[in-house]
Amino acid sequence: TPPPLRQAGTETSDRERLGDFYLYPLPERTTIANRQTKQVSFLDVQSTPAARAYEYRNGWLGTAEQPQSANTVLRFSSSREQGLGDALPAGTVRVYQRDARGNPQFVGESPIGHTPMGSSIGLTTGQAFDVKVHPVVERRERVSDDRWRTTMRYTLTNATPGPVTVDLIQAGLWGETRIVEESRESNRRSADETLWRVNVPANGEAIVTATFDTEY
């Protein structure tokens with residue numbers, strides 16, 4: 001599961017600081033009995049933009065025995081202008097969504113660390129039943145004493161009634177790994193990972209193929 005903090009913010013919250021910490025005073029007095037657990041509100045923000053996304057990370061150049069569920073991710077910002085407008089203390093964020101009758105239903109949770117204001121956040125709230133990815137090694141061949149070529153096929157399926165976009169991430173690209181051929185352009189995020197942003201039609205599938213030149 002990828003960490004929720006995708007990009008650390010650089011904005012300073014208006015809250016009172018105590019050393020390197022922020023204070024989160026309660027709006028009114030509250031009483032806690034012995035051994036009691038109580039939830040209190042410290043942040044009330046409405047109409048903050050958020051987007052649901054799908055992510056799948058293949059840890060190495062290997063075949064999965066069966067299609068795997070993509071992670072369901074809720075993306076938003078803690079910035080002042082386009083987000084929550086506050087720094088967030090470490091804890092667990094629980095996500096609720098209203099059903100067809102308007103009742104809030106729990107849909108997942110994710111732990112976060114101390115998060116500066118202005119950060120980009122992606123909460124992994126669970127796995128999608130209807131959005132799957134099946135990575136398969138189509139061919140692996142030795143091309144020299146110390147070089148191998150592996151051709152991967154990723155089949156993405158979508159059983160929902162609307163189109164979705166899946167962030168397909170191939171990790172485990174250690175050493176001098178190069179992509180020598182690919183069916184669509186990827187974005188090399190680091191020495192270890194590359195990403196394809198794949199549009200999958202409603203009740204349909206999409207296929208990505210790529211050939212990797214590796215040291216082993």
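By class, the second largest pocket has a lining of 9 nonpolar, 6 polar and 2 charged residues. Keep in mind that this is a predicted model. Let me stay with that pocket for a moment.

How much space lies in the second largest pocket? About 390 Å³. Its lining is made of 17 residues. Nearest the centre of this pocket are Arg 52, Thr 72, Gln 97, Val 107 and Thr 125. Find those five on the structure above.

Now, which element gives the most to this lining? That is β8, with 7 residues. β8 covers 120-142. Three other strands also supply at least two residues each: β4 (50-58), β5 and β6.

On to the largest pocket. About 1000 Å³ of space lies there. The lining of the largest pocket counts 22 residues. Phe 42, Leu 43, Thr 92, Val 93 and Arg 94 lie nearest its centre. Two elements give two or more residues to this lining: β5 (68-77) and β6 (91-98). The largest share comes from β6, which gives 6 residues.

One more thing to look at. β5 and β6 each give two or more residues to the lining of the largest pocket. Both strands also supply at least two residues to the lining of the second largest pocket. So how do we spot such spaces at all? Rolling a probe the size of a water molecule over the atoms shows where empty space is left.

Conventions:
Residues are numbered from 1 along each chain as its sequence is written. This is a predicted model: local features need pLDDT of at least 70, side-chain atom pairs count only at pLDDT 80 or more; totals for chains, interfaces and linings use all residues. Side-chain values use heavy atoms; hydrogens and water are left out. On a 1 Å grid over the protein atoms alone, a cavity is a set of points where a 1.4 Å probe fits but cannot get out, and a pocket is an open set with protein on both sides within 12 Å along at least five of seven lines; lining residues have an atom within 4 Å of a point. Grid points are joined across faces, edges and corners, and a volume is the space filled by probe spheres set on the points. Helices (H or I, at least four residues) and strands (E, at least two) are DSSP runs, numbered from the N terminus. Ala, Val, Leu, Ile, Met, Phe, Trp, Tyr, Cys and Pro count as nonpolar, Asp, Glu, Lys and Arg as charged, and the others, Gly among them, as polar.
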